[in-house]
Amino acid sequence: MADVVIGGGFFGCRLALALRERGERVTVVEREADLLLRASANNQARVHGGYHYPRSILTGLRSRVNYPRFVAEFGSCIDRSFRHYYAVARRQSHVTARQFELFCQRIGARLSPAPADVRGWFDPELIEKVYEVEEHAFDAHLLRAAVRERLQEARVDLQLATRALRAAPGELHTDRGVLRARRIFNCTYSSVNELLAASGARCLPLRHELTEVALVEPPPALRGCAVTVICGPFFSLMPFPAQKTYSLTHVRYTPHFAWEERTAPAGPPPPPSGSRAAHMLKDAQRYLPAMSMARHLRSIFEVKTVLPQSEHDDSRPILFKPCAELPGLVSVMGGKIDNVYDLPRELDFLLPEAA
Amino acid sequence: MSAVSALFVSVVCRLHDERGLVESLLEDLTRVLRAHYDNWEIVLVDDGSRDGTTARVKELLGRFEGVRLLRLSRAFGLDVAITAGLESAIGDVVVTLSAESDPPDLIPQLVELSRRENAAVYGVAPSRRRGWEPPAWPRRLR
């Protein structure tokens, strides 16, 4: 009997490979017509080098540890062609430049002061210090192709355009029939609770946000560069390799609205009332005046899901939660792409027990 | 004047113990801004209120879109509060107004005049001596 992974996002697919490496037969069930189409593609495309989490040293350190693994495994999907600058805001930032330096030193993340011409891009009234860092972006199209190839090589069974309806002991009901399953892994990210509720299991506390990533054409001076202003209500401009353009996200404007699930799934959110790209561009100009020459092309909207405590400490732990009511059903969720390397140790813990 | 403009308009408003009128203020501002502009924001600067204004605004944040709350660590006075708001505002044009007595309906006129003349614009209430009839303002009397 095979293991079944529900959700063909990056997490589900990488989990399927990890199970396969342990000798299990695996089927991946995906609702969309292809893999990695939803949250795995609709995000900042940042391969975290740890710099982003000065308020959660554990998350920063895990990113640091997992970063080289991701590069080693999916290096061909990474865009390294740009220089990335982190700017520490002078006001309203949760960390000072000195604290950021100490944090990077502690987690072993390379950091160097930005050259004078780059410092000159920023308003010195609002930015305390600018650093050049080592952080890249992934190309979601290349990642999809690489994952597809790895799954084929590993002979993982794929069932695309198949909607999982509910899990029961030893089987998964889908809109295309019933799959026999030894274990079921619920890797449906923002829909984790829908499957749990449909299966008669208790929901997990989750926080969702409807987010907007604005795709922009950067000003000529910023081509080939990424800029991230930390650590608070600021913004990030980064190459978005899959669409050969740049993404602009803003801590204040990217989440349009948020909601929490406690005891029952909340259902799909209402559509956003409009784009907030103008807000993001206007605020970015205050810190980086050249952004007045940036042009908004279009936006992508997606539901982002985190554990409720992450709202406060900005951490991104993975969720790995065996279901109490339904033995063999495990809910798995990662807040960011390189978190996937935290999975094997959880599998080590789970599998001897299940066997 | 009634056409929706692409201009980004920020409204900065200082709140000092204004718990009771902040809801009607937001209702009026939102009505006017939504009717005239695609992109706008309301920046409320809480200048050390001690009457629960902050809690009231936080409740209202869930109902009104495009509102930001800046909290000063204590009461600094009008000048500092407005300066903090101006420093944080992101609009092409910023309108500052008194929560208590300035009529939001004049915002489009102020903005239009400022753009046309490329100048800072301020409004003056007509003098009572010249036979001025009090409008529905100030807000506290409504």
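User: What does the side chain of A:Thr211 reach at 2.7 Å?

Analyst: The side chain of A:Thr211 reaches the backbone oxygen of A:Glu302. A polar contact is a pair of N or O atoms within 3.5 Å; within protein, one must be able to donate a hydrogen and the other to accept it, and residues adjacent in sequence count only if both atoms are side-chain atoms. The 2.7 Å here is within 3.5 Å, so the distance meets that definition. This is a predicted model, in which local features need pLDDT of at least 70 and side-chain atom pairs count only at pLDDT 80 or more, while totals for chains, interfaces and linings use all residues. Residues are numbered from 1 along each chain as its sequence is written, chains are lettered from A and ligands numbered from 1 in the order in which they are written, and side-chain values use heavy atoms, with hydrogens and water left out.

User: Why is A:Thr211 called buried?

Analyst: Buried means under 20% relative accessible area, exposed means over 50%, and partly exposed is in between (1.4 Å probe, protein chains only). A:Thr211 has 9%, which is under 20%, so it counts as buried. It lies in strand β14 of chain A; strands (E, at least two residues) and helices (H or I, at least four) are DSSP runs, numbered from the N terminus.

User: Which residues is A:Thr211 in contact with, leaving aside its neighbours within four places in sequence?

Analyst: They are A:Thr254, A:Pro255, A:Ile300, A:Phe301, A:Glu302 and A:Lys304. Contact means heavy atoms within 4.5 Å.

User: What makes A:Glu217 and A:Arg295 a salt bridge?

Analyst: A salt bridge is a side-chain nitrogen of Lys or Arg within 4 Å of a carboxyl oxygen of Asp or Glu. The closest N and O atoms of this pair are 2.8 Å apart, so the pair qualifies. A:Glu217 is in strand β14 (residues 206-217) and A:Arg295 in strand β19 (residues 295-306), 78 residues apart. A:Glu217 has 33% relative accessible area and is partly exposed, as is A:Arg295 at 46%.

User: Why does the salt bridge of A:Lys129 and A:Glu101 tie together separate parts of chain A?

Analyst: The side chains meet at 3.1 Å, N to O. A:Lys129 lies in strand β7 (residues 127-133) and A:Glu101 in helix α3 (residues 97-107), so the pair joins parts that are 28 residues apart in sequence.

User: In the salt bridge of B:Glu23 and B:Arg56, is B:Arg56 buried or exposed?

Analyst: The two side chains meet at 2.5 Å, N to O. B:Glu23 lies in helix α1 (residues 22-36) of chain B and B:Arg56 in helix α2 (residues 53-61), so the pair ties together parts 33 residues apart in sequence. B:Arg56 has 17%, which is under 20%, so it is buried. B:Glu23 has 24% and is partly exposed. Both belong to a network of salt bridges that also links B:Glu27, B:Glu59 and B:Arg63.

User: What joins the side chains of B:Thr54 and B:Asp46?

Analyst: A polar contact of 2.5 Å joins them, and that value is within the 3.5 Å limit. B:Thr54 is in helix α2 of chain B and is buried at 12%.

User: How many salt bridges does the rule find across the interface of chain A and chain B?

Analyst: Three are found. The contact takes 11 residues from chain A and 12 from chain B.

User: What is the area buried between chain A and chain B?

Analyst: It is about 860 Å², with carbon and sulfur atoms giving 47%. In chain A, A:His279, A:Lys282 and A:Arg286 lose the most area to chain B, together 54% of what that side buries. Buried area is the accessible area (1.4 Å probe) that two parts lose on being put together, summed over both.

User: Which residues have the most contacts inside the largest nonpolar core?

Analyst: They are A:Phe70, A:Leu143 and A:Phe185, in a core of 46 residues. Eight residues of this core, its largest share, come from α1(A). A nonpolar core is a set of buried Ala, Val, Leu, Ile, Met, Phe, Trp, Tyr and Cys residues joined through side-chain atoms within 4.5 Å.
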